[in-house]
Amino acid sequence: MDIGQARSVAALIHHAQRLARRRWRQLVWLRGDALQCRALAQALWKAHPWKAPLWVGSSEGVGPESIPFASQLPPRKARTRLGAEHQLVVVDTSDTGFDPEALGALAGTVTAGGLLVLMTPSSWGDTPDPDYSRFADYPHDWKNLTAHYLARLARVLMGSTHVVRWEAGDMPQLARLPPCVLPSVNSDDGDCLSADQAYAVTQLVGLKRRRPLVITADRGRGKSAALGIACARLLSHKTNRHKTNRIVLTAPRLSAVESVFERVAALCPDGSRVSPGHFRLAQGSELIFLPPDVLTEQINTRQLGGAGGYLMVDEAAAIPAGLLGQWLLAFPRIAFATTVHGYEGSGRGFALRFRDTLERLSPQWKALVLKAPIRWQAGDPLETLVNHLLLLKAPLPIAKQSTSALTTKPVDRAWLAQQETALEKLFGLLVQSHYRTSPNDLRQLLDGPGTQIRMIEQQGEPQAVLITREEGGFEISLASQVARGKRRPQGHLLAQSLATHAGSRAALWLRWRRVARIAAHPERRRQGLGKTLLDDDLAAATQQGIALYGATFGAEASLLTFWLAQGFTPVRLGITRETATGEFAVMVAKALNDQGEEVLADLNERFQAALPSLLAFELNTLPPDVVVLLLGQLPSVSLSARDQQDIEDVATAHRDPVLARPALQALARQASHISLACDVEQAQQLAAWAFQNVPLASGHKEAVSALRQAVAILRNRVNAL
């Protein structure tokens with residue numbers, strides 16, 4: 001290490017010590033030649049006894065040979081460090097490029113007095129980097145994409161007062177820090193690190209029946225640790241209020257709740273980890289992790305829930321609100337915890353979407369917010385900067401209740417990337433509307449090939465936004481290879497799925513436009529904004545020669561109702577629940593020209609032919625409200641004299657319903673085609689029994705009686721028309 005390097009490194013170590021006195025962290029932006037930057041980062045690594053330093057780089061070799069292999073990590077595995085603590089994190093973008101989600105995940109692991117060193121070329125932002133290859137859909141080359149996103153990051157870093165800028169070969173430009181004032185956040189609870197956390201644990205341990213607890217917090221507030229402490233106390237019966245021998249824990253991924261298991265293990269030394277998602281205490285009580293799809297499956301088959309059931313849901317914002325509602329009904333004692341801002345999902349959007357469900361099903365629910373940081377102090381420069389870089393706190397725009405005619409306009413992405421306020425507001429709409437919005441979506445929004453933006457804006461405030469992507473247009477030979485499973489070009493989600501799973505080669509030949517996101521301001525929903533956006537974009541797509549317009553989403557009744565109302569047709573259902581969301585996927589489409597009509601007719605015919613058998617087997621747990629909507633898309637059937645007699649015998653006599661199933665299936669299909677505002681429950685019950693063999697009650701006698709009653713009500717309704 002030469003004298004210049006030694007002086008630079010010494011200055012940064014001294015700066016880190018000043019940060020430690022304030023319990024803060026900071027980002028160091030190291031720019032220059034890759035080899036020179038790596039040498040400087042290695043020198044910083046070796047010059048100080050950092051706690052658990054981590055080098056994040058390419059998957060092959062990752063970091064320099066002088067760095068221990070155990071301290072190296074590919075960017076794609078950044079989430080595996082959730083819950084870990086590092087005092088120094090070096091993010092080397094030289095070979096792999098910049099991964100937004102890796103930065104978001106790793107920033108939360110940096111402890112007080114720590115540094116996050118971001119290494120980039122001096123010209124960062126001028127051109128795309130290798131990480132763009134992840135969303136360069138066929139046939140695009142990532143090197144030819146725009147780099148609006150990276151240019152924005154560079155601009156923010158250059159203008160921020162929360163960054164240490166370090167040009168290779170120069171001394172780092174150290175930020176001025178305010179005087180050190182550390183307010184006390186200590187807790188009287190020996191297991192908790194803040195009064196906030198201790199109060200949350202008390203509320204979790206004292207969960208009351210049908211009074212769910214909703215905990216929200218920014219990252220680093222000890223939310224998951226609070227869940228772990230509460231679970232340990234409940235399972236070890238260290239509370240006089242409630243005892244339980246089993247707690248179910250769920251989250252989008254097991255890695256998201258690793259810190260919960262670690263806390264339980266630390267507080268229950270007599271227990272052991274039976275498997276990665278199963279901790280058992282000596283007396284037999286246990287904590288079990290179930291992913292959302294398995295949890296939902298077991299609830300539907302009545303394997304879970306009941307009078308004594310406890311469910312802890314972590315990162316609830318990343319799970320569809322509809323599923324959370326199902327779980328709410330199944331478990332008498334339930335807690336939902338979520339990060340307010342971050343790549344796990346939008347806590348703000350979660351609160352907006354889920355509040356109605358809570359008010360309807362559990363009006364005595366309680367909200368709790370963790371405000372005090374634990375790993376760092378309030379005012380932390382790194383937290384402030386990362387929130388700005390990744391727009392983790394993108395503000396919701398102001399709702400304008402205007403009576404003027406709604407107009408839509410396309411948004412130029414180059415312009416949007418330069419308008420920070422407009423970008424924040426538009427992204428804020430997307431964050432609050434969808435549980436899966438992540439930092440990667442911002443990059444896709446600004447630079448994704450074939451991505452288009454259409455917006456409704458009133459008085460400078462975006463009220464609704466539509467994001468679409470172009471798909472299809474494959475050569476016939478390539479389409480055939482894809483349909484046969486021999487090729488899988490990147491992207492083209494909807495078109496490739498229909499070719500691979502529905503067998504339609506033509507779905508890849510034609511040009512598609514797929515809706516990636518559609519969002520309206522929460523105070524302006526059900527005012528026709530989404531329909532206006534779609535209508536205008538459908539007209540534009542038709543003029544541009546697009547043959548088919550489509551969307552894919554979780555099979556949830558309100559969403560499906562919206563798309564059906566816009567004239568879209570279901571063309572495919574996923575046959576397994578998504579692990580992270582627990583939902584089945586549904587795809588819908590609309591034809592825009594004659595070629596599109598021909599392909600859509602074929603897709604619709606395939607879908608109609610497959611639906612009854614899928615409901616009987618692979619989709620026998622599809623929600624009944626969705627089943628009724630889908631049955632309504634099948635051709636209407638007439639009831640024969642024999643069908644009517646069978647229905648009459650089931651409704652008023654003692655005919656075994658099982659032996660009259662064809663007639664009852666016909667009744668269910670006919671009922672799905674008429675307005676049943678008064679008999680919705682019976683229509684859903686009959687559809688679920690007739691096509692999915694779902695009993696109407698737990699006991700056989702009670703189930704048959706309820707079925708006869710439902711059949712009688714629907715028979716009368718149909719006959720009255």
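# Exercises on a predicted model

In this predicted model, Arg661 lies over the face of Trp689, at 4.4 Å from the ring centre. Another residue placed in this way is Arg25, which lies over the face of Trp376 at 3.6 Å from the ring centre.

## Exercise 1: the open sheet

Task: State the order of the strands in the six-stranded open sheet and the sense of their pairing, then find the edge strands.

Solution. 

Step 1. The strands follow the order S3-S2-S4-S5-S1-S6, and they pair in parallel.

Step 2. Strand S3 (72-73) and strand S6 (163-167) are the edges, since each pairs on one side only.

Step 3. Look at one pair in detail. Strand S1 (residues 26-31) and S6 run parallel and are joined by five bridges. Within this pair, Leu27 has Val163 in S6 as its bridge partner.

## Exercise 2: helix H3 and its surroundings

Task: Decide how many of the eight residues of H3 are buried, and list what the buried residues pack against.

Solution. 

Step 1. Eight of the eight residues are buried, so H3 is largely enclosed by the rest of the structure. They are Pro100, Glu101, Ala102, Leu103, Gly104, Ala105, Leu106 and Ala107.

Step 2. The buried residues of H3 pack against strands S2, S4 and S5, and also against H4, helix H11 (381-389) and helix H14 (439-447).

Step 3. At the start of H3, Asp99 places a side-chain oxygen within 3.1 Å of the backbone nitrogen of Glu101.

Step 4. Asp131 touches both Asp99 and Pro100. Asp131 sits in the loop between strand S5 (110-120) and helix H4 (148-159). With a relative accessible area of 6%, Asp131 falls under the 20% cut-off, so it is buried.

## Exercise 3: aromatic pairs

Task: Classify the pair Trp45 and Trp55 and the pair Phe98 and Trp124.

Solution. 

Step 1. A pair of aromatic rings is described by the distance of the centres and the angle of the planes. The count for this model is nine aromatic pairs.

Step 2. The ring centres of Trp45 and Trp55 are 6.1 Å apart and the planes stand at 50°, so the pair is tilted. Trp45 belongs to helix H2 (residues 34-46) and Trp55 to strand S2 (residues 54-56), 10 residues apart, and the pair links distant parts of the chain. Trp45 counts as buried at 9% relative accessibility, and Trp55 is buried at 0%.

Step 3. Phe98 and Trp124 are 5.6 Å apart, centre to centre, with 75° between the planes, and this pair is edge-to-face. Phe98 lies in the loop between strand S4 (86-92) and helix H3 (100-107), and Trp124 in the loop between S5 and H4, so the pair ties together parts that are 26 residues apart in sequence. Both residues are buried.

Step 4. Aromatic residues also form a cluster, made up of Tyr549, Phe553, Phe562, Trp563 and Phe568.

## Exercise 4: nonpolar cores

Task: Name the residues that touch the most other members of the largest nonpolar core, and trace the contacts of Leu573.

Solution. 

Step 1. The largest nonpolar core has 61 residues, and Tyr549, Leu573, Leu622 and Val711 touch the most other members.

Step 2. Beyond its neighbours within four places in sequence, Leu573 is in contact with Ala555, Ala585, Val586, Phe607, Leu611, Leu619, Leu622 and Leu630.

Step 3. There is also a second, separate core of 57 residues, which includes Phe98, Ala107, Ala154 and Ala394.

## Exercise 5: a strand residue

Task: Is Val369 buried, partly exposed or exposed?

Solution. 

Step 1. Val369 is in strand S14 (residues 366-370).

Step 2. Its relative accessible area is 47%, and Val369 is therefore partly exposed.

Step 3. Val369 touches Asp196 and Thr216, residues up to four places away in sequence not being counted. From Val369 to Arg221 the C-alpha to C-alpha distance is 9.6 Å, while the two are 148 residues apart in sequence.

Terms used
Residues numbered from 1 in each chain as written. Predicted model: local features only at pLDDT ≥ 70, side-chain atom pairs only at ≥ 80, totals over all residues. Heavy atoms only, no water. Helix = DSSP H or I, 4+ residues; strand = E, 2+ residues; numbered from the N terminus. Buried < 20%, exposed > 50% of the residue type's maximum accessible area, 1.4 Å probe, protein only. Contact = heavy atoms within 4.5 Å. Phe/Tyr/Trp six-rings, centres within 6.5 Å; stacked < 30°, edge-to-face > 60°. Lys NZ or Arg CZ within 6 Å of the ring centre and 35° of its normal. Polar contact = N/O pair within 3.5 Å; in protein donor to acceptor, adjacent residues only side chain to side chain. Core = buried A, V, L, I, M, F, W, Y, C linked by side-chain atoms within 4.5 Å. Pairing = 2+ DSSP bridges.
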